[in-house]
Protein chains: 2
Amino acid sequence: MSVLVVGTVAIDSIETPHGSAERVLGGSAVYFAWAASFFTRVSLVGVIGEDFPTEYRKLLEDRGIDLGGLTTRPGGKTFYWKGRYHEDMNHRDTLEVQLNVIADYDPVLPSHYRKIPYLFLGNSSPVLHLRVLEQMERPQLVLADTMNFWIESQRPDLLRLLPRLDGLVLNDEEARLLSQDDNLIRAGKKVRAMGPKFVIVKKGEHGSFLFSQDGVFVLPGYPTEDVIDPTGAGDSYAGGILGYLASDASPPPGRLRRAIAYGSILGSLTVEGFGLDRLRRTSRTEIDQRLEAYRRMIDF
Amino acid sequence: MSVLVVGTVAIDSIETPHGSAERVLGGSAVYFAWAASFFTRVSLVGVIGEDFPTEYRKLLEDRGIDLGGLTTRPGGKTFYWKGRYHEDMNHRDTLEVQLNVIADYDPVLPSHYRKIPYLFLGNSSPVLHLRVLEQMERPQLVLADTMNFWIESQRPDLLRLLPRLDGLVLNDEEARLLSQDDNLIRAGKKVRAMGPKFVIVKKGEHGSFLFSQDGVFVLPGYPTEDVIDPTGAGDSYAGGILGYLASDASPPPGRLRRAIAYGSILGSLTVEGFGLDRLRRTSRTEIDQRLEAYRRMIDF
């Protein structure tokens with residue numbers, strides 16, 4: 001089965017305690033698509049400006065990612081983000097944001113995309129998410145991301161979106177904000193009661209929780225000694241999850257749990273290099289080896 | 001096999017967002033002993049003052065904890081701690097500390113304690129820990145706790161102690177401080193290279209890492225919806241670990257991993273009530289049920 005992602009395509013400048021990277025390829029849709037492409041075919045919907053480097057487009061095409069839904073805005077400039085990570089890389093400062101072409105982006109899906117069964121709605125406004133959903137025919141599984149900004153500024157729209165999702169992925173802070181509960185287990189359950197069939201709460205290096213019909217699934221973070229650049233880890237995580245789900249037809253709950261473990265591994269690989277560097281150097285074989293190591297590491 | 005604990009016996013006054021408890025029984029040796037007593041016989045070495053309530057002594061005796069090494073200092077007052085937890089209960093302020101009888105405590109072990117095979121050195125100075133070790137004959141397994149204060153103020157003594165330990169248990173912040181490495185996986189490995197056969201790094205609600213000959217074992221925290229009072233969770237965790245180890249003669253590494261899972265469950269129970277309240281209400285049956293639920297929650 002194939003996967004559709006709607007999200008940002010960006011140019012990122014990144015500083016971390018380990019070095020810096022200038023104007024590298026980034027964006028939620030890019031990390032998601034790259035991670036999902038280890039498992040299945042991925043089509044990308046997004047917008048770029050005329051300044052978008054040809055080599056970045058070629059990189060995605062060579063990876064086999066379908067860019068039929070990637071629009072170039074005439075005269076526009078690509079979304080740009082510049083950030084600096086602290087010594088404790090769980091924290092970062094945004095130094096510069098130029099929304100550029102994404103400021104008023106209203107995605108129109110190519111007609112043959114409307115039947116794609118697996119959909120990821122990358123972090124964006126719930127209003128935009130709802131407009132994308134209206135264009136889809138009958139997606140088999142819809143996963144969405146959100147963030148503090150939307151929870152605070154578009155809560156009513158978000159509450160309309162949630163019952164239309166299969167899965168919502170959000171981080172610990174966002175889950176607390178959305179549920180207004182400090183305890184993360186109660187928070188996850190409350191968010192699920194708002195509509196999604198399952199809720200995944202990410203805790204960065206500390207792993208994640210899945211709240212579903214199957215109860216609570218707890219996964220520690222995959223331990224890594226080489227955290228170079230956390231940018232894109234959350235989107236790679238989502239890409240690993242949905243890519244794997246689209247590739248495995250076995251019944252839940254095992255399938256969803258394995259998917260989250262794969263997502264966690266894709267996230268762990270992403271942080272081991274700047275931008276897409278580490279993901280570009282990995283393989284399905286290495287990913288599967290890491291999954292087996294993961295199982296051994298948590299077994300008691 | 002039986003277990004010996006050397007640590008503090010305290011009177012605690014605790015405030016949390018869920019309420020408060022005045023002058024309840026606490027201290028590292030008490031939480032440790034109570035948790036370990038679900039698995040094996042425990043002997044306690046510590047010091048109290050003449051003000052120590054008879055009912056607290058009776059509580060420990062009725063639990064079957066051997067108090068042959070609990071000294072009452074004539075004219076002395078029991079160690080007193082008063083603290084307040086923040087809304088985010090990972091943080092607390094110490095409002096008052098009266099060291100009283102523990103200020104110049106120099107434990108002398110009753111002669112029949114010197115052959116006890118399992119020893120826990122509760123958080124105290126490494127100098128005191130070394131003096132206790134000198135009194136032991138040939139303990140089979142020695143586990144110790146430490147904290148920032150000793151790492152900073154008595155580092156050379158601590159470095160002398162570490163090679164004499166089988167296991168060291170410390171939290172994430174302490175592991176970073178001791179190893180001078182921000183990455184927790186590298187930090188754990190570096191601490192192990194300082195001498196202990198195994199190192200357990202606690203991350204509170206986020207679980208723990210074990211670094212041993214067997215590699216890295218990763219355990220997420222047991223998820224709990226009812227965090228009432230975190231006091232004593234770390235010592236209960238250690239008590240669960242060493243108590244279980246003393247009760248299971250099967251070969252490593254499975255035994256040590258199971259022990260840490262039991263420790264985590266004892267810690268999770270402790271936080272579900274003020275002071276010892278929740279531990280007093282639990283049973284080995286409930287603990288084992290929680291262990292099975294734990295296994296199911298992390299399986300993928």
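Guide: A term to start with: a residue is buried if 20 or more other C-beta atoms lie within 10 Å of its own, exposed if 12 or fewer, and partly exposed in between, with C-beta atoms placed from the backbone. This is a predicted model, where local features need pLDDT of at least 70, side-chain atom pairs count only at pLDDT 80 or more, and totals for chains, interfaces and linings use all residues. Residues are numbered from 1 along each chain as its sequence is written, and chains are lettered from A and ligands numbered from 1 in the order in which they are written.

Visitor: Is R23(B) buried, exposed or partly exposed?
Guide: R23(B) is partly exposed, because 16 other C-beta atoms lie within 10 Å.

Visitor: Where is R23(B) found?
Guide: In strand β3 of chain B, residues 19–26. Strands here are DSSP runs of E, at least two residues, and helices are runs of H or I, at least four, numbered from the N terminus. R23(B) is not a glycine, yet its phi is positive, near 50°.

Visitor: And what is the phi of N100(B)?
Guide: About 50°, a positive value, although N100(B) is not a glycine. N100(B) sits in the loop between β7 (92–98) and β8 (118–121) of chain B.

Visitor: New topic. How many residues of chain A are in contact with chain B?
Guide: 24 residues of chain A, with 24 residues of chain B. Contact means C-beta atoms, placed from the backbone, within 7 Å.

Visitor: Which element gives the largest share of chain A's side?
Guide: β13(A), with 4 residues.

How values were computed: Contact = placed C-beta atoms within 7 Å.
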